[in-house]
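Dear colleague,

Please find below the structure that I am handing over to you.

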Amino acid sequence: MAIGSGVIRGHWITLRRFLLTFARDVRDGFALRRRGGGPQPLDFFKTPTRGEERVVVQDATIDGLFTVEYPDERLPVFERFRMLPVLIYDDEDGNVRCTSCNICAKVCPPQCIWMVQAKSPKGTVVPLPEDFFIDMDVCMNCGLCAEYCPFDAIKMDQNFELANSERHRTHIYSLQDLLVSSAYYAQTHPEAWSSPEETAERAKVAKKKGQRLQKALGAGRGVGTESAPKTSALI
Amino acid sequence: MVSMGPQHPSTHGVFRMNVRVDGETIVGLKPVMGYLHRNHEKIGERNTFLMNMPFTDRLDYLTSMGNNFGYALAVEQLMGDEAKPPERAEYIRVIMAELTRIASHMWSIGFLLNDLGAFFTPALYAIEERELILDLFEWASGSRMMCNYFRFGGVAADLPPGWLDRCRAIVENRLDKKIDELDEYLSGNEILLDRARGVGVLSTEDAINFSTSGPVLRGSNVPYDLRRAAPYGIYDRFEFAVAVGNHGDVYDRYYVRLMEMRESVRILKQAVRGIPEGPILAGKKTYQIKVPAGEAYGRVENPKGELGYYLVSDGSAAAYRYHVRSPSFINLTALERMCLGRTIADVVGILGSLDIVLGEVDR
Ligand code: SF4
Ligand code: SF4
């Protein structure tokens, strides 16, 4: 084996990258502190407070070696980024949007959604879920449920920090665990929230809402977060 | 007789080799495919056509956009004109497929060097560019690797505002330079030449007879590329060359991938310049997809070779028969021929030059 100009050229590229990394850090003001560190110069051992981590954007201009010092630094979360599904209730009246139509369960590829439809005391069907389950360990985060829900009720959440030490109790999400407010969704998905399609959809659903609410109340139970009974039978 | 491997964490249980050795020399090699217990093809017959789309992501999990593409083509063949994607969708599909090719080849080259013992610098350099591409995927489709982005007759969602600008910046100003750098960094490196030239040779004849495809076939001097041989989508509109190697060795397979990345950048430049405005899906968005009875074979030139989906539909909601022709699996059949007469130390590098992903080897 001969070490020739090819190897030397290769080392030159490595050295250039190495130097570029320092040049970039100096340029960005990280010459004297840790990139994922606290706000002061010389904050080598501090970590930023939760929620105030530096967001590192990697675009076409980034140079040197790029590393993101997670969890003290983060990549931006794109709006469409999808992790697990959530069910939305509207802030104004606390109504769950879901009508328990079962379409999401039908399109879910690994079949990890199942629900109990609400019934009035007379036994007639109420368009609300009595309970709603998703087995989060089976969910493949595909987003089909959110894509095809006709009532804009199920959406994909962006929270990916879900580490847990137990599966059977904590990873079967019930209605209680799945509900999030429309304000939360508007905040995580500003583009979608203000899009013409979703605005129109909201207006359409709002019309039906009074009706649904009355029906549900007529059935002898409230709506929204508090009213859903905690089910333990399936856990 | 030595049971070799698994030498990568992702191959445990799925792949190892029974090697017959005479001293250090390989005199026989039998790939042992195990099981991932995923049952992709059988599940594809239970799932409705749409539900199967996210499952295809998981075949070769480094090229999910390409996998989606092939499956969409197969179902669209059955659905006929009703599912003809609009122009914009066709462009988006090509952009995504070519970005996938670059990402996959980057990964492959990085890890080939890793397999050859260059821990880990080349891989890191290659992964950087792949990261930028995965960012684009995540931005448009919601996921970095399990994109689930194609729909029958188009794509799931339009490109978000700003996406094309960043894609353009990466394609026009960055990738060429980075591929050049990788070329300069590796192609003339004497250690790499020593380990790759004349190693793992697959003759033109053998490459064809083992029905290999992708860079493995083209490395053996067969200019066969589905994008040219049987153009799908709108590939017939783009100018690009089919890269081939002359010797069919590890080095040629590596170099073909490098050249293919340049060609992909060429296609991407044309595509991001020419992409029109307009709808991204034919017809209305629905989960109740009517697929008429019949059979179809949809195929694409995926980064690893020809990926084909054979579908038989009886007119019901799910496929009657579903089979995947996966390039990784078929390219592996030529492994013994490449390894005979070489030493144990070469086997890992030769395997690396095949660029397999085990999700495809066992379905
Ligand atoms: S979440 Fe949507 S699709 Fe699922 S049952 Fe409720 S309304 Fe129907
Ligand atoms: S994201 Fe996909 S797998 Fe998960 S619940 Fe929704 S449809 Fe099912």
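In what follows, two residues touch, or are in contact, when heavy atoms of theirs lie within 4.5 Å. Please also bear in mind that this is a predicted model.

I begin with an arginine in chain B. B:Arg144 is located in the loop that runs between helix H5 (121-141) and strand S4 (150-151) of chain B. Leaving aside residues up to four places away in sequence, B:Arg144 touches B:Glu131, B:Leu134, B:Asp135, B:Phe137 and B:Glu138.

Strands S1, S2 and S3 of chain B form an open sheet, in the order S1-S2-S3 and with antiparallel pairing. Its edges are strand S1 (2-4) and strand S3 (25-33) of chain B, each of which pairs on one side only. On average, and with direction ignored, neighbouring strands in this sheet are turned by 30 degrees against each other. Helix H14 (residues 344-354) of chain B packs on the sheet and touches S1, S2 and S3 of chain B. The direction of helix H14 makes about 150 degrees with that of S2(B).

Within the sheet, strand S2 (residues 15-22) of chain B is joined to S3(B) by eight bridges in the antiparallel sense. S2(B) and S3(B) form a hairpin with two residues between them. In the turn, B:Gly23 has a positive phi of about 65 degrees. B:Met17 has B:Pro31 in S3(B) as its bridge partner, and B:Asn18 stands opposite B:Lys30 in S3(B).

Is B:Asn18 buried or exposed? Its relative accessibility is 17%, and therefore B:Asn18 counts as buried, the limit for that term being under 20%. Its side chain forms a polar contact of 3.1 Å with the side chain of B:Arg16. Not counting residues up to four places away in sequence, B:Asn18 touches B:Met1, B:Val2, B:Ser3, B:Gly28, B:Leu29, B:Lys30 and B:Val32.

I turn now to the nonpolar cores. In soluble globular proteins, nonpolar side chains tend to be buried together. In this model, the largest nonpolar core has 123 residues. The residues with the most contacts inside this core are B:Met96, B:Tyr149, B:Phe152, B:Trp163 and B:Leu335. Helix H4 (residues 87-115) of chain B supplies the largest share of the core, namely 13 residues. Among the residues that B:Phe152 touches are B:Phe49, B:Leu50, B:Met53, B:Tyr71, B:Leu281 and B:Ile289. A second, separate core has 31 residues, including A:Phe81, A:Ala105, A:Phe132 and A:Cys145.

Finally, some values for chain A as a whole. Chain A has seven helices and eight strands. It contains 235 residues, of which 47% count as buried. Of the contacts in chain A between residues at least 6 apart in sequence, 64% join residues at least 24 apart. The accessible surface of chain A is about 12600 Å², and 59% of this surface belongs to carbon and sulfur atoms.

A colleague

Terms used
Residues numbered from 1 in each chain as written. Chains lettered and ligands numbered in written order. Predicted model: local features only at pLDDT ≥ 70, side-chain atom pairs only at ≥ 80, totals over all residues. Heavy atoms only, no water. Pairing = 2+ DSSP bridges. Helix = DSSP H or I, 4+ residues; strand = E, 2+ residues; numbered from the N terminus. Axes fitted to C-alpha atoms, helices over the stretch in contact; angles between N-to-C directions. Core = buried A, V, L, I, M, F, W, Y, C linked by side-chain atoms within 4.5 Å. Buried < 20%, exposed > 50% of the residue type's maximum accessible area, 1.4 Å probe, protein only. Polar contact = N/O pair within 3.5 Å; in protein donor to acceptor, adjacent residues only side chain to side chain. Areas by Shrake-Rupley, 256 points an atom, 1.4 Å probe, with all protein chains shown as cover.
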